[in-house]
Amino acid sequence: MLGKYPHVEQFLLDYIDAPRWLLGVSGGADSVALMAFVRALGDAHDIPPVTVIYIDHGLHPDSADWGVLVERVSRRLAFEFDGRTVTVIESGGGLEEAARAARYRAFEDLMCEQDVLMTAHHQDDQLETFLMRAFRGAGPEGLRSMLPERSLGAGLLIRPLLSVARNDLVNIATAIAPDYVHDPSNLDTRYDRGFLRQELVPLIRARWPQAAVSVGRSIELLQALWDRQSTLQVPNKRALTGEPILDVSLGLNASALADLIRSWLAELSLYRPSKAQLDEFVRQLQGVRNDQGPILQTGHYALRFYAGSIYCCSDTANVGSRITTYEAGAELCAESALGLFKVNLPAALKGRFSARTPLAGESCRTHSKQPSRKLTKLLHEWRVPPWWRSAVVVMCVDDQVVSVLNRVVDGDLLAQIHPTIEGLRVDWQHQLIEKSPFVYQQVSQ
């Protein structure tokens with residue numbers, strides 16, 4: 001089989017040093033054929049351990065039976081099998097997109113460092129993707145369609161079959177599992193892809209039989225051109241509060257600023273907003289006269305402007321001012337939406353240390369030789385955005401402020417408050433970095 005598809009063999013061999021291969025298999029003809037390709041490669045070469053992943057979306061009454069079929073074929077081909085069930089929650093983007101998002105979240109959860117996940121997207125899928133994006137007015141980046149490789153979680157997602165026609169994959173699948181899955185949703189013309197597949201693509205093929213091959217060649221040229229032109233280096237920078245931020249000059253023209261934002265979001269592996277959304281965001285940005293800039297909500301994350309930077313926020317609508325404090329051994333711990341703050345508790349001060357959020361109009365001293373200053377002014381200097389300020393942790397000894405976030409007042413002032421706390425240090429474990437709910441993997445390719 002590999003002799004007929006040397007490009008597929010060579011493509012897969014480029015990833016042979018990965019610690020593990022995962023195959024995303026639905027049980028349809030294309031994914032069963034992918035299993036056959038990998039088995040043939042394993043018979044000819046030493047390949048990494050292979051695990052077949054079946055994701056049950058629970059959207060069809062036979063979906064559990066499809067998992068049984070995938071497991072049976074996996075065992076026959078001497079592959080490990082892992083079946084997962086996900087909950088699909090539609091959130092405005094349609095059922096197809098919600099199922100896809102749930103599936104890829106499950107894939108990410110399964111992936112370890114440098115793992116390679118393969119999916120069975122093929123030449124016909126690529127044609128449909130190109131047409132769908134063209135009809136939606138995609139630019140050069142979107143018209144690249146599905147990429148043969150991209151990052152996913154801790155590893156890589158690859159698509160070895162993008163140059164193989166679906167009819168070829170059906171023939172391969174029939175030879176090893178003639179009862180492969182026929183998912184009726186693939187033919188449902190209520191969905192865009194189903195309409196393309198059933199109604200439009202047959203008309204195109206009738207007139208231009210080589211359409212998929214020709215469009216595939218155009219896509220490869222677009223991908224190569226994009227790679228050559230994507231030389232804009234965007235610094236990987238995070239705010240004090242943990243979010244990725246992009247420092248911007250509002251003197252840039254609208255087109256250059258939009259391109260800069262797109263490049264930054266691409267570096268973050270984020271689904272890019274539509275051209276209309278981004279153009280409106282940039283238009284409003286260029287009219288900013290203070291720190292209260294526009295907000296762009298995408299459904300997956302939000303872009304907000306503050307103090308010369310765009311902040312990429314996972315959810316800023318309900319930060320809240322709730323704080324939880326507890327003692328752990330010799331440490332006082334305080335948790336807020338900004339993360340975990342820990343400070344060593346001198347024995348002499350047990351019961352006198354406390355943690356809270358800022359008081360309205362509060363002022364505090366941070367230096368023994370300087371007067372008190374408004375806390376809002378200090379937070380502005382430290383570039384703590386307004387939407388986080390209700391979650392700022394202030395630590396006190398006998399109601400005297402000794403730290404704000406992880407910024408401790410100077411040593412002379414500490415000594416005046418109590419001699420045992422000279423050299424005090426606050427350890428801040430960012431909620432957005434350490435606990436990683438700030439997951440941005442809703443990508444478009």
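Good morning. I begin with strand 5, residues 149-152, which pairs with strand 6 in the antiparallel sense over four bridges. Please keep in mind throughout that the model is predicted. Within this pairing, R150 has L157 of strand 6 as its bridge partner. Two residues lie between the strands of this hairpin, and G153 takes a positive phi near 55° there.

Strand 6 covers residues 155-158, and it also pairs with strand 4, residues 116-118, over three bridges in the parallel sense. Which residue of strand 6 is the bridge partner of L117? The partner is L157, the residue that is also the bridge partner of R150.

Four strands form an open sheet in the order 12-13-14-21, with antiparallel pairing. Strand 12, residues 324-328, and strand 21, residues 426-430, stand at the edges with a single partner strand each, so one side of each has no neighbour in the sheet. On average, and with direction ignored, neighbouring strands here are turned by 20° against each other. Strand 12 and strand 13, the latter spanning residues 331-336, run antiparallel and are joined by five bridges. In that pairing, E327 has L332 in strand 13 as its bridge partner.

Let us now consider two helices. Helix 10, residues 254-267, packs against helix 11, residues 275-285, at an angle of about 120°, and their axes are 10 Å apart. The crossing of helix 10 and helix 11 is right-handed. On the side of helix 10, the residues in contact are A254, L257, A258, I261 and R262; they meet K275, L278, D279, F281, V282 and L285 in helix 11. By class, this contact has eight nonpolar, three charged and no polar residues.

Finally, I come to charged pairs. Side chains of opposite charge can pair when their charged atoms come close. How many salt bridges does the structure hold? There are 20 salt bridges. One of them joins D179 and R72, whose closest N and O atoms are 3.0 Å apart.

Thank you for your attention.

Notes
Residues numbered from 1 in each chain as written. Predicted model: local features only at pLDDT ≥ 70, side-chain atom pairs only at ≥ 80, totals over all residues. Heavy atoms only, no water. Pairing = 2+ DSSP bridges. Axes fitted to C-alpha atoms, helices over the stretch in contact; angles between N-to-C directions. Left-handed = near helix turned anticlockwise from the far one by under 90°. Contact = heavy atoms within 4.5 Å. Nonpolar A, V, L, I, M, F, W, Y, C, P; charged D, E, K, R; others polar. Salt bridge = Lys/Arg side-chain N within 4 Å of Asp/Glu carboxyl O.
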